[in-house]
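Me: I'd like to go through this complex with you before I set anything up. Can we start with confidence and then move on to the packing and the contacts?

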Amino acid sequence: MTHKTLIPIGPYHPLQEEAEFFQLFVEGETVVDMDVRISYNHRGIEGVSTKRTWDQVPYLVERVCGICSASHPLAYVQAVEELAEVEVPDRALYLRTIINELERIHSHLLWFGLAGHFIGYNTVFMWAWRYREPCLDALEVCTGSRINYANHTVGGSRKDITPDMAKYICEKMDEIEGPLDMLITTSLEDPILALRLKGVGVLTEEDARRLGACGPTVRASNVPIDVRRDDPYAAYDRLDWDVISCPNGDVFDKVVVRLLETKEAIKIIRLALADLPEGPIQAKVKEVPPGEGVGHVEAPRGETFHFVKSNGGPGPERHKIRAPSFNNVPTFKASCIGQPIADVTITLASIDPCYSCTERMLVARDSKTGKELMGFSELVELSRDKTEQIRKQA
Amino acid sequence: MAVLDKLKLWGLKKAPWVYHVNTGACNNCDIEILELLTPRFDVERIGILLVPSPRHADALLVTGICTKQARPRLQEIYRQASKPCLVVCVGACACTGGIFHDAWHFAGPVDEAVREVDPDAAIIYIPGCPPKPEAMIAAVAKALQDL
Amino acid sequence: MAEDLESAVQRLKDLMGDAPVDWSRPRPNRVYITVGKEDAPECARALFEDFGARFATATGSDVGEELEVVYHFAYDAVGLVANLRLRTPKGDPVMPSITPLVPAAEWIEREMQDLVGLVFDGHPDPRRLILADDWPEGVCPLRREYRDDA
């Protein structure tokens with residue numbers, strides 16, 4: 001069976017002359033500088049938001065990034081609830097927690113699969129994505145959709161979780177837990193993985209703080225910030241759960257943080273379902289007065305920050321949306337410079353930028369001549385070859 | 001139709017090799033496309049393979065609204081793709097711009113961008129936000145039947 | 001003893017000194033501090049280094065006769081979000097950049113230049129960030145004129 005060089009994962013960088021998205025400047029085998037251009041995916045959502053009504057915006061912002069499809073609407077509705085002083089019913093707070101933790105599970109497993117692919121562990125990719133499916137099924141059953149849940153509304157939740165749905169969710173969590181535990185144990189114990197990922201792509205604690213990064217990217221660098229605990233929202237302050245953090249800041253630690261957070265998410269969902277209070281799921285919101293509101297949530301990738309201004313009109317006058325990757329991607333400069341090019345794809349992946357941002361155009365250039373040396377698919381190959389070499393030596 | 005064209009069409013129908021182009025999407029369609037390759041749906045068993053270059057592609061799976069920055073790149077990719085090439089607009093954004101049709105960076109929809117290069121381009125539309133993997137498979141199967 | 005919200009807010013007030021021309025606290029954990037634009041870099045630095053807050057992001061807006069920037073800082077230890085507001089007349093869209101003192105602001109200041117037409121004086125890398133290569137210079141999609149024409 002020939003080695004399939006045509007194995008999937010996104011569009012490989014197609015062309016030569018256009019402005020690249022990620023450019024790496026290399027000297028020999030080492031990355032010496034990096035530049036990023038991010039206009040490909042820019043749509044202008046903040047402008048669209050001002051042309052919509054208050055209750056239309058959640059459907060818009062859940063499409064900012066498909067993987068963080070519950071986080072953006074939650075941050076937005078919280079910002080509006082803050083400025084309009086809306087009190088959200090308790091049951092809705094718990095529903096929000098459950099949906100957002102389900103999102104965290106599917107997002108982290110997605111990431112884990114991609115990371116495996118970049119270093120040549122394709123079985124990991126297939127396993128991780130296979131075990132996302134029960135999670136997506138759970139989301140589909142309780143919201144009507146695998147992705148784009150449209151469940152967070154200003155003042156509450158759109159759809160309730162019935163006892164049957166709750167039972168189904170628990171069954172799905174049981175289904176995922178065993179394989180997840182296996183993934184965790186094998187990852188922590190695999191000597192090749194340790195050799196391949198420890199000490200790679202280190203983001204120091206100082207750089208993590210200096211660059212305003214967030215999420216697992218910094219929790220792996222000994223910066224244990226987490227909006228769920230620091231500025232609690234939904235039902236997080238009523239449930240007993242832990243913030244996961246690691247000290248070394250390398251790719252290995254980022255893997256550990258995300259896997260353990262996935263396990264923690266299953267725990268939070270079970271606690272929330274067990275504790276689910278009775279009552280309404282939607283507060284009456286008559287109008288949104290003039291004012292300003294901040295809504296921030298801990299998305300799988302880090303803090304999602306929304307700032308909303310109202311002039312008393314039918315929709316936002318100004319709506320600022322900041323996804324976590326916006327603050328995390330620049331850390332790539334700190335964690336990648338000085339690294340060998342073989343480690344570039346996994347270092348970038350470890351920041352977990354929105355998928356469609358990474359796959360496009362990661363290019364390495366000679367730092368003296370500017371000549372393109374290799375494109376994304378070659379960089380992925382280089383990464384996989386390094387794993388192979390480590391395996392042979394071990 | 002010349003023999004070579006018939007052969008190419010047979011190849012396309014038998015085992016369509018697809019190249020994925022994201023022209024400014026939220027990732028949902030892209031992730032669902034990747035879902036097709038995972039064990040649950042496993043489209044490789046029916047011959048669909050993702051390829052790393054448009055030159056090898058029988059079909060372009062296009063997602064996204066076609067932003068101003070992406071439009072010329074999409075057109076270039078279409079030019080590079082070997083013909084015959086089916087353009088598959090996956091998702092509401094690629095079909096019409098979807099919820100972003102009035103965004104300031106919108107330069108689509110995708111079919112207009114492609115038709116500017118080739119007025120006779122073969123384009124199919126899979127609406128949905130995102131379309132479910134089953135819908136995508138059904139659409140591609142239907143399109144291949146009709147070709 | 002760990003700092004609580006009230007003592008943190010008081011410490012912030014002391015650090016800001018005379019700079020604020022307006023100080024509002026619509027909720028216990030939200031503070032909005034308005035300062036003159038010349039004071040922005042020093043206040044931002046104080047928030048980041050002395051107070052110990054994390055730079056979250058910034059919002060640039062067209063508020064009519066003026067352009068406004070709100071820098072959002074999160075002090076995670078107590079869940080406080082401190083918002084630093086500054087304004088400049090539209091005819092003089094130049095603001096001092098805080099990036100040399102708060103490196104995390106680098107990208108968002110570039111984005112505000114693109115979308116709102118602000119000019120961050122002293123920014124180490126003021127290139128276009130987010131709009132397409134062929135997007136016309138000087139057309140700022142978050143300006144009211146753009147919205148009204150669109």
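**Confidence, packing and contacts**

Reply: Chain C has an average pLDDT of 94, with 97% of the residues scoring at least 70. Bear in mind that this is a predicted model, and that its overall scores are ipTM 0.96 and pTM 0.91.

Me: And what is the mean pLDDT of chain A?

Reply: For chain A the mean pLDDT is 87, and 92% of its residues reach 70 or more. Over residues 1-20 of chain A the pLDDT is below 50, although this stretch has 43 contacts in the model beyond near neighbours in sequence. Residues 356-360 of chain A also stay under 50, and for them the model has 18 contacts beyond four places in sequence.

Me: How should I treat places where pLDDT is low?

Reply: Where pLDDT is low, the predicted coordinates should not be read in detail.

Me: Ok, on to sheets. What order do the strands of the open sheet in chain A have?

Reply: That open sheet has 3 strands in the order β5-β6-β7 of chain A, and the pairing is antiparallel. β5 (291-299) and β7 (318-322) of chain A stand at the edges with a single partner strand each, so one side of each is left without a neighbour in the sheet. On average, and with direction ignored, neighbouring strands of this sheet are turned by 10° against each other.

Me: How many bridges join β5(A) to β6?

Reply: There are 9 bridges between β5(A) and β6 (residues 302-310) of chain A, the two strands running antiparallel.

Me: What about β1 and β2 of chain A, how do they pair?

Reply: β1 (residues 22-27) and β2 (residues 30-36) of chain A pair in the antiparallel sense over 6 bridges, and A:Phe25 stands opposite A:Asp33 in β2(A). The two strands form a hairpin with 2 residues between them, and A:Gly28 in the turn has a positive phi of about 65°.

Me: Which other residue has a positive phi, this time not a glycine?

Reply: A:Asn148 is one, with phi near 60°, and this residue lies in the loop between α6 (133-143) and β3 (152-153) of chain A.

Me: Where are the cis peptide bonds at B:Pro109 and B:Pro130?

Reply: One cis bond joins B:Gly108 and B:Pro109, with omega about 5°, and B:Pro109 is found in the loop between α4 (91-96) and α5 (110-117) of chain B. Another runs from B:Cys129 to B:Pro130, with omega near -5°, and B:Pro130 is in the loop between β5 (122-126) and α6 (133-146) of chain B. As background, most residues other than glycine have a negative phi, and most peptide bonds are trans.

Me: Switching to helices, at what angle do α4(A) and α12(A) pack?

Reply: Helix α4 (residues 90-118) and helix α12 (residues 251-274) of chain A pack at about 155°, with their axes 9 Å apart. Angles over 145 degrees count as roughly antiparallel, which makes α4(A) roughly antiparallel to α12(A). The crossing of α4(A) past α12(A) is left-handed.

Me: Which residues make that contact?

Reply: On α4(A) they include A:Tyr94, A:Ile98, A:Leu102, A:Trp111 and A:Phe112, and on α12(A) they include A:Val255, A:Leu259, A:Ile266 and A:Leu273. By class, the contact of the two helices has 16 nonpolar, 3 polar and 4 charged residues.

Me: Last topic, the chain contacts. How many residues of chain C are in contact with chain A?

Reply: 25 residues of chain C are in contact with 26 residues of chain A. On the chain C side, β3 (54-62) and α3 (106-116) are the elements that give two or more residues, and β3(C) gives the most, with 6 residues. The residues of that side divide into 12 nonpolar, 6 polar and 7 charged.

Me: And how many residues do chain B and chain A put into their contact?

Reply: That contact takes 38 residues from chain B and 37 residues from chain A. The elements of chain B giving two or more residues to it are β1 (17-22), α2 (28-35), β2 (49-50) and α3 (71-80). By class, the chain B side has 23 nonpolar, 10 polar and 5 charged residues.

Note on methods
Residues numbered from 1 in each chain as written. Chains lettered and ligands numbered in written order. Predicted model: local features only at pLDDT ≥ 70, side-chain atom pairs only at ≥ 80, totals over all residues. Contact = placed C-beta atoms within 7 Å. Helix = DSSP H or I, 4+ residues; strand = E, 2+ residues; numbered from the N terminus. Nonpolar A, V, L, I, M, F, W, Y, C, P; charged D, E, K, R; others polar. Pairing = 2+ DSSP bridges. Axes fitted to C-alpha atoms, helices over the stretch in contact; angles between N-to-C directions. Parallel < 35°, antiparallel > 145°, perpendicular 65-115°, else oblique. Left-handed = near helix turned anticlockwise from the far one by under 90°. pLDDT = per-residue confidence, 0-100.
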